[in-house]
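User: I would like to learn how to read helix packing, strand pairing and salt bridges in a model. Please take them in turn.

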Amino acid sequence: MSKHVLRAAALAGALLPATWAVAAPISLDQAIDLAVQRSQMTRSALAGAMSAAEMARAAGQQPDPMLSAGIDNLPVTGSNRLSTSAEDMTMKRIGISQEWVSAEKRAARQAAAGAVVRRESVMEQVAAADARLQAALSYIDAYYAGEMLALTALNEKHARQELEAGKGRLATVSGNSADVLGLTGALGTAEDESAEVHQLQAAAQAALQRWIGPPADELVMPRLAIAPSRDEFVARNAAVVTGQRAIEVARAETEVATLNRKPNWSYEVSYGQRQGRADLVSFGVSIPLPIAPAARQDRETAAKLAMVEKAEADLAEAQRAAAAEYEALASDARRLQERIERFRSAVLGPLKQRTAATLAAYGANQASLTMLFEARHAEVQAQRKLLGLQRDLAMAQARLVFKPLSQGAAQ
């Protein structure tokens, strides 16, 4: 049993509160463990590996012997027709035959079956890696959707506060109806933004539930492990590892096809019983005659060799694709990190200073409520943009971390 299943089982027990209790916050690691535990694709791949393992156990065995029984020289005409005792030439016969497969052939078949087992075992790891990746992406999406919703709620709160203050001022000499109308429209826009983000968050939560089951009331900020190096990413890429296993299977099947050029002999022994005469024992051997190996056996071997070449070409292409994917993701992550740092210093910092200055000016009656709301709104929008960049960075990092298979799968 994998460590992910054990961790998920412990987690599932911890996340079974009483009906009146509030669900505990869930972390990214916990969500990933639950996703692997609940993945039906992982279960399907595990069943496939178990099936291949059972077939491998039978691959090295000799074929079952063949039991034969019959009657030789049975009369079909005359007064004694269909009688088994009237004619002394009539013989009741029973025999057994066995096709004999050489130890070399059986070893090759078992090696081919073992290669299939290793390929199917990798498919279990592929399914688990996909569950981890999809759960991580869904978690990140849901977490940042929640953070976005908090910002739109803050913007809505600012609009409502400014509108109430504007209505209060409208009753005084310092009031301005244009400000009130503008803030009323701003509040409507802020409420619509909140509704839109709430809709996006609901969709993100539904996508996360598809992987972890019951919804979590709170998501902890995702913290990702250190991304693997380029060589590690390529070596543990699902397509690369499955390509390596496909080459092993193709080469093993080629060896089986090569050995099949030597025919299997069959041996037979039978016992015959006659009426009134001595019983007989017969021995025999059957030897297939490969009269046209160039048209049959050689074609089969050539076909298997072509499959080896195909698997090698597929592996080379998968390695190129994995290397290109790593470079693209690493570049995205690096550039997003640079943009975040630049955005914080060049955009968000000045906007925060602008908000503070406008608030001070408003306190000194040198700025209107509309100006104050616009300053606050611009700061909140910048924070939303920063959250979007952080989300994109987390997505790129998650693909770097969770797309490769676990360490043991690439061995």
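User: Are helix 8 and helix 9 roughly parallel or roughly antiparallel to each other?

Analyst: This is a predicted model, where local features need pLDDT of at least 70, side-chain atom pairs count only at pLDDT 80 or more, and totals for chains, interfaces and linings use all residues. Residues are numbered from 1 along each chain as its sequence is written, and side-chain values use heavy atoms, with hydrogens and water left out. Angles under 35 degrees count as roughly parallel and over 145 as roughly antiparallel. The axes of helix 8 (residues 297-363) and helix 9 (residues 369-402) cross at roughly 165 degrees and come within 9 Å, so the two helices are roughly antiparallel.

User: In which sense do strand 3 and strand 4 pair?

Analyst: Two strands pair if DSSP finds at least two bridges between them. Strand 3 (residues 265-274) and strand 4 (residues 280-286) pair in the antiparallel sense, over seven bridges. They form a hairpin with five residues between them, and Gly276 in the turn has a positive phi of about 75 degrees.

User: Which residue meets Arg277 in a salt bridge?

Analyst: A salt bridge is a side-chain nitrogen of Lys or Arg within 4 Å of a carboxyl oxygen of Asp or Glu. Arg277 meets Asp88, at 3.6 Å from N to O. Arg277 lies in the loop between strand 3 and strand 4, and Asp88 in the loop between strand 1 (66-72) and strand 2 (91-100), so the pair ties together parts 189 residues apart in sequence.

Definitions and conventions:
Axes fitted to C-alpha atoms, helices over the stretch in contact; angles between N-to-C directions. Helix = DSSP H or I, 4+ residues; strand = E, 2+ residues; numbered from the N terminus. Parallel < 35°, antiparallel > 145°, perpendicular 65-115°, else oblique.
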